[in-house]
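Subject: Structure handover

Hello,

Here is the structure for you to look at. My notes on what was found follow below it.

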Amino acid sequence: MSQQQRILPDAESSPAVVPGETPAAYRPEQPDDDGAAAGPVRDQAEEQSGKRRRLQYPPAPQPLTVPVIDNHAHLDFRDGAISVSVQQALEVAKAVGVVGALCVGYDVASSEFSVKAAAEHPQLKAAVALHPNDAPVLAAKGDYETAFVRITELARHEQVVAIGETGLDFYRTGEEGVAAQRRSFEDHIALAVERGLAMQIHDRDAHVEVVSVLNAAPTLPSAVVFHCFSGDADLARLCNANGWYMSFAGTVTFKNAHALREALAVADPQLILVETDTPFLTPHPYRGQPNAPYLIPQTMRLMAQVRNTNVEAMCQQVMFNTTQAYGSWT
């Protein structure tokens, strides 16, 4: 392992992060920062578990000694009363070995945020798109074309490395919205191909249909990434056969995620990525609490265990895969 592949937190450039303690930037007593995320507040009923969410951020894990990239984060969301700036989030993440992130858009405003954040922070790259759940709403209002034109404009920015998140979601959208979702998905695939960019797929309760759209596309993007991979071992084998990346989030650590861990176990090691989906999908044992890029080590350690390898080797493979999918992060 080269010195470049191994990192340790730099005390001069990273804030003090003590394993087992919530980082200072994520504590309630911290005042709002002028550079804080200005996007929506996370819906506290998102997981609909019937229980009141704990809004305290989890303690920091032990740092990774080999760096990784958070493959999917929404840094414009704030969770509960805490307002954390992009800079703060990146500094805390760096202190535990998470040296960058892909800031992902889901509508015009968040895509504009992602591009601006990536332009201002070299540790970030951006992805831009219209979320599949938004496509039917925009279409019904007659606003889809205007919104998609703006996404195509943002996709030209030099810090944009992916189109996403796009795809299909049959959990929140009924049959009446399927046609609009499918059209939007096809438009985003074509845009990714045109711009020579990777594509991040949102696939919820729509595995068969997502694969169908991909198979029907005349050409596919340079890299196809299943964001927050939620399939079983059969879908993982299909991804292996097609060279599609599988990005695992904190869901793989959940106690009831047996099928997801089986999928991870059979996934081609060269197609595995890691993400947080910040501020959602916080890894066990903090499920339901706010998520942040600094919690990636929690997921990476479980992934290494499932793959029967050491954490350093797992991180090295995931970091290599990330640069293969999106290009250099420097």
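In this predicted model, helix H8 (residues 258-266) has four residues that count as buried: Leu 260, Arg 261, Ala 263 and Leu 264. Viewed down the axis of H8, these buried residues fall within an arc of 155°, so they line one face of the helix. Their cover includes helix H7 (233-242), strand S7 (245-248), S8 and H9.

Two of those covering elements, S7 and S8, belong to an open sheet of 8 strands. The strand order is S1-S2-S3-S4-S5-S6-S7-S8, and the pairing is parallel. S1 and S8 are the edge strands, each pairing on one side only. Direction ignored, neighbouring strands of the sheet are turned by 30° against each other on average. Between S7 and S8 the parallel pairing runs over 3 bridges, and Phe 248 stands opposite Val 274 in S8.

Helix H2 (residues 108-120) touches strand S2 (98-104), strand S3 (124-128) and strand S4 (160-169), and its direction makes about 160° with that of S3. Helix H5 (residues 178-195) lies across S4 and strand S5 (198-204), at about 160° to S4.

On to the aromatic residues. A pair of aromatic rings is described by the distance of the centres and the angle of the planes. The structure holds 9 aromatic pairs. One of them joins Tyr 26 and Tyr 294; this pair is tilted, with 4.9 Å centre to centre and 55° between the planes. The pair links distant parts of the chain, 268 residues apart: Tyr 26 is in the segment before strand S1 (68-73), and Tyr 294 is in the loop between strand S8 (272-274) and helix H9 (296-306). Tyr 26 counts as buried because its relative accessibility is 4%, and Tyr 294 counts as buried because its value is 1%.

Tyr 144 and Phe 148 form a stacked pair, 5.9 Å centre to centre with 15° between the planes. Both lie in helix H4 (residues 144-154), 4 residues apart, about one turn of the helix. An α-helix has 3.6 residues a turn, so residues three or four places apart point the same way. Tyr 144 and Phe 148 are both buried.

Phe 248, mentioned above for its place opposite Val 274, is also part of a cluster in which ring pairs link Phe 226, Phe 229, Trp 244 and Phe 248.

Regards

Notes:
Residues are numbered from 1 along each chain as its sequence is written. This is a predicted model: local features need pLDDT of at least 70, side-chain atom pairs count only at pLDDT 80 or more; totals for chains, interfaces and linings use all residues. Side-chain values use heavy atoms; hydrogens and water are left out. Rings of Phe, Tyr and Trp (its six-membered ring) pair if their centres lie within 6.5 Å; planes under 30 degrees apart count as stacked, over 60 as edge-to-face and the rest as tilted. Helices (H or I, at least four residues) and strands (E, at least two) are DSSP runs, numbered from the N terminus. Buried means under 20% relative accessible area, exposed over 50%, partly exposed in between (1.4 Å probe, protein chains only). The arc is that of the directions from the helix axis to the C-beta atoms. Contact means heavy atoms within 4.5 Å. Two strands pair if DSSP finds at least two bridges between them. Axes are lines fitted to C-alpha atoms, for helices over the stretch in contact, and angles run from 0 to 180 degrees between N-to-C directions.
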